[in-house]
Structure formats: structure tokens, C-alpha cells
Amino acid sequence: MRPGRASRLDAVLADRGLDSIWLLDPVNVAWLLGADTVVDATARTGVAAVGYDGASVTAIVPNNDADRLRTEELPDTVSVEAVDWTAGTAATVLPERTTGSRGADVAIPGFERVDAASFRHPLTEADVVAYRGVGRDTAAAVEGAAVAADATSTEREVAADLRARLARRDVLATVVLVGGGARAQRYRHPTPRDTPLGEYAVISVTGRRDGLHASCTRTVAFEPPAWLGKRHAAACRIEAAALAATARVAAADGTAATVFDAIRGAYADVGWPEEWRAHHQGGATGYAGRAWVAAPDADAAVAVPMGYAYNPTVAGAKSEDTHVLTADGWTTVTETGDWPTIAVEVEDTLFERPAVRVL
């Protein structure tokens, strides 16, 4: 079991009066053990049901995956119970293979539903260390795909290159957006098309490894339109304002709605007071693409240590990275040191944000 997990699950067992808690969502299994139980990426659950009873961890796995998971994924301390594949999935056999008062992170008849968000966050020290690795690898893949492109590259070609670069780093691409000059101005979620990039491109990704999600955006220009630099700088300032507000609100035990107020104010300060309405602004991240999104009525606590990924957009420009806030301040995990930056000062704090890279 990964460090810091047992005490959190013990608290869930005590709070809910449960004898055991079962995790089937692959992200939650990765949180607990660092293991990958995904075979079908479209499935809500992995191929294993992993249970904790306050003393030991057990994995119930169909026999066609049991040996592989036992050998390559699961720690030696996990007891593996193989069931015949003809009996169904791990989820369908779980009720008859377990007893007592049971909880699960997905809906199973006879099990109390437990929201994993109640124990996955905030991050632990080990999580923060791991985040630096997945963040750096995600950013390296995005930046590599960005500089390999040219004006004639299609969005789908860039996306295919990006997915391959992520896969070589053992990062699962959960979101890939590539918007060439025309579509980036029109759409906030430019899913890739067979459209040449043209003047510039905005490339965004969320990658996942060991359950941790890292999001970042990079912009490359071949013949940059005259307005791009100014709009990009505006998006960078809004992201910096979100980060400054997050640190301030976290220190005051505040909520995400207060962070959103600062974001909305930053849009007005850069001369785009209504632009926030065009797209959500991002928020907390970690063992979810977004654990919460900053919004006017968002009552989620702003926690430390925690990952944050804000993604403000300004009419064709976007600024986004994944940052971890600890008691020592901010660390940007999606950086390689190989991308040009611009300095933005907000609330007496200097933030280095990725610049538009002209190729």
C-alpha cells in the first residue's frame, strides 16, 4: 500500500461503520497501490476489485488477468483471489465473495457507495514527488509535438504524434485538444480535425500516470497574428491571478467560489470582462482531471497540499499548467525548462508562464 493510504481508509471505515471498502475505479486502485488495472479504457471499472478491511488488502481478479496483475502490477503484500472468468467481472462476483458491512467506490447492490474524493485528497508528500515526474513527462510530450509541427501539419497529425510521445513515457492521454489558428479562435475544446494548423496552434493535454492527472497547454506560431501575443499575455495574467488567489484563499480556509471571484476580476482587469463565460476556468486536480472547478457557487475547500490546473482562455489564446501548492508555496510540475516563458507579477508574487513559441 502506498504511504499515507491506510490511515485515510481507516477513517472511512470508522466513519461509515464498514468492515471493508472496495475500490474498482482504476484511478482509486492506482491511488491505493500504484497499480494499473485498466484493460478497456472505456470501462468505468478495471479488471480487479481491491478491498481493504483495516488490516490487509485483497484483490479479486478474473483468472485471465490474475497472473499478470500478481506478477507485474500488484505489490507482494496484496492477496490475489482469482475467479473464473465465466463468473463475470470482478464487480459482479464481489457480492458473493465478500461478507459484512461493505462499501465501494462504484454502485454495487448491497454495498454502501463511498465517494473517493473524501479520501484521495489532499495530496501526500509522496504524491507531490510523483507529480513532478508525471508532470514533467506530460509537458515534454506536448512541447516535443508542438515544435515538431509546422503550418501544414493537420490537427490530427499533431494529436497522433502527441499521443505516441505520451505513450512512450507511460502516460495515458485522457484529453487531447489541438486547435489550429482558425478553430482555436472559435472553439474552447478543439477536438482534432483534418485541418492544417495555419498561422498558429494551441495544444492542450491531460495525461494520467499512477492515477495522477497533469494538464498543460502550449502555443506555437508560424506566422503569428498581430493580436496573439497580447491575448496570450492576458490569459497568462488571469492564470497567475488564479494561482495567487488560490494561495491566499487556502491560507484563510476559504472556498473555490472566492478563487472564482478573483478570476472574474482578472478578466475585467485585462479588458475582457465577459470572456470567462465562454469556458470553465479549471480548478483543483490530482487524482481527478478536475477535483473541482472554480465557479460562482463552488463551495469546495481550497486545500494544501493540492494540485491546481487553471485554464483561462481569451478569444483564441490559452494559458494552462499544473501546479502543486504546499506549505512552502508553488511548484509548477508541468515544466521542462526548455520552453520560453513570460514573467507575470500578481499580488507581489512572480509567476513564470509559458510564452507563445514562434517557430
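Analyst: Leu212, Ala214, Cys216, Arg218 and Val220 point one way from β9. His213, Ser215, Thr217, Thr219 and Ala221 point the other way, and all are buried. Buried means under 20% relative accessible area, exposed over 50%, and partly exposed in between (1.4 Å probe, protein chains only). Strand β9 spans residues 212-221 and ten of the ten are buried, so the strand is largely enclosed by the rest of the structure. Strands (E, at least two residues) and helices (H or I, at least four) are DSSP runs, numbered from the N terminus.

This is a predicted model: local features need pLDDT of at least 70, side-chain atom pairs count only at pLDDT 80 or more, and totals for chains, interfaces and linings use all residues. Residues are numbered from 1 along each chain as its sequence is written, and side-chain values use heavy atoms, with hydrogens and water left out.

Now the neighbours in the sheet. Strands of a sheet pair through backbone hydrogen bonds, either parallel or antiparallel. Here two strands pair if DSSP finds at least two bridges between them. Strand β8 (residues 200-209) pairs with β9 in the antiparallel sense, over ten bridges. Alanine 201 stands opposite valine 220 of β9. The hairpin of β8 and β9 has two residues between the strands, and there aspartate 210 takes a positive phi near 55 degrees. Strand β19 (residues 357-358) runs parallel to β9, and two bridges join them. Valine 220 has arginine 357 of β19 opposite.

The open sheet has four strands in the order β7-β8-β9-β19, with mixed pairing. β7 (172-180) and β19 stand at the edges with a single partner strand each, so one side of each is left without a neighbour in the sheet. β7 pairs with β8 over eight bridges, in the antiparallel sense. Valine 175 has threonine 206 of β8 as its bridge partner. Helix α7 (residues 155-168) packs on the sheet and touches β7 and β8. The direction of α7 makes about 155 degrees with that of β7. For that angle, axes are lines fitted to C-alpha atoms, for helices over the stretch in contact, and angles run from 0 to 180 degrees between N-to-C directions.

Next, the charges. Side chains of opposite charge can pair when their charged atoms come close. A salt bridge is a side-chain nitrogen of Lys or Arg within 4 Å of a carboxyl oxygen of Asp or Glu. That rule gives 19 salt bridges. One of them joins arginine 218 to aspartate 321, with the closest N and O atoms 3.2 Å apart. Arginine 218 lies in strand β9, and aspartate 321 in the loop between β14 (317-318) and β15 (323-326), 103 residues away. Both arginine 218 and aspartate 321 are buried. The pair belongs to a network of salt bridges that links Glu143, Arg218, Glu239, Asp321 and Arg353.

Arginine 353 sits in strand β18 (residues 349-354). It is buried, with a relative accessible area of 1%. Its side chain makes a polar contact with the side chain of aspartate 321, at 2.8 Å. A polar contact is a pair of N or O atoms within 3.5 Å; within protein, one must be able to donate a hydrogen and the other to accept it, and residues adjacent in sequence count only if both atoms are side-chain atoms. Leaving aside neighbours within four places in sequence, arginine 353 is in contact (heavy atoms within 4.5 Å) with residues including Cys236, Glu239, Asp321 and His323.

Aspartate 137 pairs with arginine 209, the closest N and O atoms being 2.8 Å apart. Aspartate 137 lies in helix α6 and arginine 209 in β8, so the pair ties together parts 72 residues apart in sequence. Arginine 209 is buried, with a relative accessible area of 17%. Arginine 169 lies in the loop between α7 and β7. Neighbours within four places in sequence aside, arginine 169 is in contact with Asp137, Ala140, Ala141 and Arg209. It is partly exposed, with a relative accessible area of 28%.
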